[in-house]
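Reader: Before we discuss how its features were named, please show me the structure.

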Amino acid sequence: FFYWCRCCSIALYIIIIMSNNNTNNAMKRVERLKTHFVVSAPLLNNESSTTHNSFVERQETSFFSSPFGSSKHPDDVVIVCALRTPITRARRGGLKDTTADDLVATVLAAALRETENINANDIGDVVVGSVLGDSSQRANECRIGMFLAGFPVKVPVRTVNRQCSSGLQACADVASAIKAGYYEVGIAAGVETMSKNPMKWDGGFNPKAASVTNAQNCLIPMGVTSENVAAKWHISRETQDAFAAESHRRAAEARRNGKFKSQIVPVVTKIIDKETKEEKEIVVSEDDGIREGVTVENLAKLKPVFKKGGSTTAGNASQVSDGAGVVILCKRSYATKNGLKIMAKWKSFSAVGCPPEIMGIGPAVAIPDACERAGVKVSDINLFELNEAFASQASYCVNHLKLSKDIVNVNGGAIALGHPLGATGARCMATLLHEMHSRDASCKLGVVSMCIGSGMGAAAVVERE
């Protein structure tokens, strides 16, 4: 009896300690979020921000992490392939007439060629990030794309939509499934055809949203949230234009120097002449949104798009684009057994909520959270791929996290390359890993991060091998 009582006491003590730890961790996350919102500023329709009571939503993935520099383990989740198509301008670029299933087929086939030791029958799932395509149709298109790429019928597929982070969420979902033991190898991908599926809202609005500030703010156009960030943190038009010009300069230099060649899969497709309707077969092998010679002076001539007297323009915002990306993840033991070259170890992932009216700050709260899960500091990270939804929010995140501009988007970002929403996470992962492997061995830790419409941020930490 006394032994039983003692066991119960010990168990109760452990539960109390765990409860306190969880409470402390939750409070730490809320306090971190509050640091962004010390001063409230008027937002759309003169509504004040409700940031002090913001709820932080985080996806639990700490089981991926081990202290930086620790020994390798057979159950580690690793990345063995990361590729992308060229990113091209929506409605005007080389992929404007290319269907989603063809883009999916292109990257999936290329990934299997790149990792020829993988038996396609081993693949436990294919998870594809997609935002704008009609849900059931896009899921079917992804299944079609698999078969066009030569996949066996037994391999399943599904789509995932966490808006701009969908491609990264696909990676996290596959990593989680591998860690849970559902399968040993899986494919994460992302696709968007903004030429064929423009951004829109179907149906009416729920009138109840007007009674809850955060719900109403989910309806604020993305460009207006950019203006809100710029106004709240005094990010000038000149600062934003300088950020955009540098993005184009870096991307143009990277293209000239062949930096993107190892990550890009050429797309054999057709293009239709708008005037004659004539179809012509082409091979798209380079990003076509990058502009040589962009200057702050050029950008200063553009008018604000979202707000009279504002600072967000077509030149300092991300481009609407078409493209796809793919990442293969597996257990380290599977990679070793099959002789696969390991690019990186997946260390952590975090998705964090923030106020919808300033959704662009998402990376500033997600990155510290992901780093904490990985057992590293933000200052330990050697390279960042930070999606440039808008120069305003990207500038804010860089400044708030005190990041060196020398390690953020070293080959340009979405302002120059483009932002095919569902594909961006996979695109950023491919760009990050190929750049890390082009550097010396001291470049060990990388982060992919982006803001998310309706008020969230996502980030993942990887360790190069």
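Reader: Which residue stands opposite Ile271 in β7?

Author: Ile271 faces Lys280 in that strand, where a strand is a DSSP run of E with at least two residues and a helix a run of H or I with at least four, numbered from the N terminus. This is a predicted model, in which local features need pLDDT of at least 70 and side-chain atom pairs pLDDT 80 or more, while totals for chains, interfaces and linings use all residues. Residues are numbered from 1 along each chain as its sequence is written, and side-chain values use heavy atoms, with hydrogens and water left out.

Reader: What makes β6 and β7 a pair?

Author: Pairing requires that DSSP find at least two bridges between two strands, and β6 (residues 267–272) joins β7 over six bridges, in the antiparallel sense. Six residues lie between the strands of this hairpin, where Lys277 takes a positive phi near 65°.

Reader: Why is Ser226 called buried?

Author: Buried means under 20% relative accessible area (exposed is over 50%, partly exposed in between; 1.4 Å probe, protein chains only), and Ser226 counts as buried because its relative accessibility is 2%. Ser226 belongs to helix α6 (residues 222–232) and, leaving aside neighbours within four places in sequence, is in contact (heavy atoms within 4.5 Å) with Thr312, Phe390 and Ser392.

Reader: Which residues have the most contacts inside the largest nonpolar core?

Author: A nonpolar core is a set of buried Ala, Val, Leu, Ile, Met, Phe, Trp, Tyr and Cys residues joined through side-chain atoms within 4.5 Å; the largest has 41 residues, and Val80, Leu108, Ile123, Val126 and Phe151 have the most contacts inside it. Helix α2 gives the most to this core, with ten residues.
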